[in-house]
Amino acid sequence: MMRLWDILLKERCPKCKKVLNTTKSNALSATVIKSCPDNHYQKEFHPALETFIESDKVS
């Protein structure tokens with residue numbers, strides 16, 4: 001049962017389906033940045049704006 005929750009809750013890259021890494025977070029501004037290990041995709045959460053920004057081909 002726990003494995004099912006794990007699969008459902010982890011965010012994945014829409015291109016390669018790998019789990020997104022949360023390595024670029026900024027604690028001071030509370031911005032959370034998740035990116036694909038192969039740099040296909042990036043997703044940023046900005047709590048002040050209450051929005052997500054998604055981008056392809058991250059450098």
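Glu 50 is exposed, because its relative accessible area is 68%; exposed means over 50%, buried under 20%, and partly exposed in between (1.4 Å probe, protein chains only). The residue sits in the loop between β2 and β3 (51-56). Its phi is positive, about 50°, although Glu 50 is not a glycine. Most residues other than glycine have a negative phi.

The model is predicted: local features need pLDDT of at least 70, side-chain atom pairs count only at pLDDT 80 or more, and totals for chains, interfaces and linings use all residues. Residues are numbered from 1 along each chain as its sequence is written, and side-chain values use heavy atoms, without hydrogens and water.

## Lys 17

Lys 17 lies in the loop between α1 and β1. Helices (H or I, at least four residues) and strands (E, at least two) are DSSP runs, numbered from the N terminus. Lys 17 is not a glycine, yet its phi is positive, near 70°. With 53% relative accessibility, Lys 17 counts as exposed.

Strand β1 covers residues 32-35, and its side chains alternate.

Four bridges join β1 to β2 (residues 41-46), and the two strands run antiparallel; strands pair if DSSP finds at least two bridges between them. Ser 35 stands opposite Gln 42 in β2. Five residues separate the strands of this hairpin, and Asn 39 in the turn has a positive phi of about 60°.

## Helix α1

Trp 5 belongs to helix α1 (residues 2-9). Trp 5 counts as partly exposed because its relative accessibility is 46%.
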